[in-house]
Every structure is written in structure tokens, then in C-alpha cells.
Amino acid sequence: MGIVSGIVVYILLWWLIFFALLPLGVRHETTTQRGHDPGAPVNPYLWQKVIATTLVAACFWGVV
């Protein structure tokens, strides 16, 4: 695998895993205020998901 194809595979794996991890650990507000979306998460933990995605994607990329 060349450098460019390796980077493309890593990016594709990263986004695929990121979208798979997004719904994990999401808690919705129980009492919503007027004008707020009741489906919006209280704390989405995006930085933790980005770090986890990077580590998992690196492992999968190493296997590929």
C-alpha cells in the first residue's frame, strides 16, 4: 500500500468509526426548556470520542 492510499484508508476508517461511536454514552435532557431540542445530548463527550476513534482507527489501519 502506498502512502497516499494508506492515508485515504486511515481517513475513511476514522470517519466510519467516528460515526459508529457518536451515539455511545449520549444522555438526553429530561426537562427541556422552550426552544431547546429534546433530542439534543446533555454532554456529547466529543473529545473523548475523537481520541477513542483515533486509537481504534489506528489499530484497524494496522490490520489493513
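View 1. Helix α2 has 18 residues and reaches 26 Å from its first C-alpha to its last, close to the 26 Å expected at 1.5 Å a residue; the expected span is 1.5 Å times one less than the number of residues. The model is predicted: local features need pLDDT of at least 70 and side-chain atom pairs count only at pLDDT 80 or more, while totals for chains, interfaces and linings use all residues. Residues are numbered from 1 along each chain as its sequence is written, and side-chain values use heavy atoms, with hydrogens and water left out. Helices (H or I, at least four residues) are DSSP runs, as are strands (E, at least two), and both are numbered from the N terminus. The buried residues of α2 are K49, T53 and A57. They cover an arc of only 60 degrees around the axis, which puts them on the same side of α2; the arc is that of the directions from the helix axis to the C-beta atoms. Buried means under 20% relative accessible area, exposed over 50%, and partly exposed in between (1.4 Å probe, protein chains only). On the other side of α2, the exposed residues are W47, I51, L55, C59 and G62. The buried residues of α2 pack against α1, which spans 3–21.

**View 2. The surroundings of T53.** T53 is found in helix α2, residues 46–63. With a relative accessible area of 0%, T53 is buried. A polar atom of the T53 side chain lies 2.6 Å from the backbone oxygen of K49. Not counting residues up to four places away in sequence, T53 touches W14, I17, F18 and L21, where contact means heavy atoms within 4.5 Å. A20 has its place in helix α1 and counts as exposed at 52% relative accessibility. The C-alpha atoms of A20 and T53 are separated by 9.2 Å, although the two residues are 33 apart along the chain.

**View 3. The largest nonpolar core.** This core has 5 residues: W14, I17, F18, L21 and A57. Its largest share, 4 residues, comes from α1. A nonpolar core is a set of buried Ala, Val, Leu, Ile, Met, Phe, Trp, Tyr and Cys residues joined through side-chain atoms within 4.5 Å. A57 touches Y10, L13, W14 and I17, not counting residues up to four places away in sequence.

**View 4. The aromatic pair of Y10 and W61.** The structure holds 6 aromatic pairs. Y10 and W61 form one that is edge-to-face, at 6.5 Å centre to centre with 90 degrees between the planes. This pair links distant parts of the chain, with Y10 in helix α1 and W61 in helix α2, 51 residues apart. Rings of Phe, Tyr and Trp (its six-membered ring) pair if their centres lie within 6.5 Å; planes under 30 degrees apart count as stacked, over 60 as edge-to-face and the rest as tilted. Y10 is partly exposed, with a relative accessible area of 23%, and W61 is also partly exposed, at 37%.

**View 5. The aromatic pair of W15 and F19.** W15 and F19 form a tilted pair, at 5.5 Å centre to centre with 35 degrees between the planes. Because W15 and F19 are 4 residues apart in helix α1, about one helical turn separates them. W15 is partly exposed, with a relative accessible area of 43%, whereas F19 counts as exposed at 52%. One aromatic cluster is formed by W14, W15, F18 and F19.

Note on methods
Polar contact = N/O pair within 3.5 Å; in protein donor to acceptor, adjacent residues only side chain to side chain.
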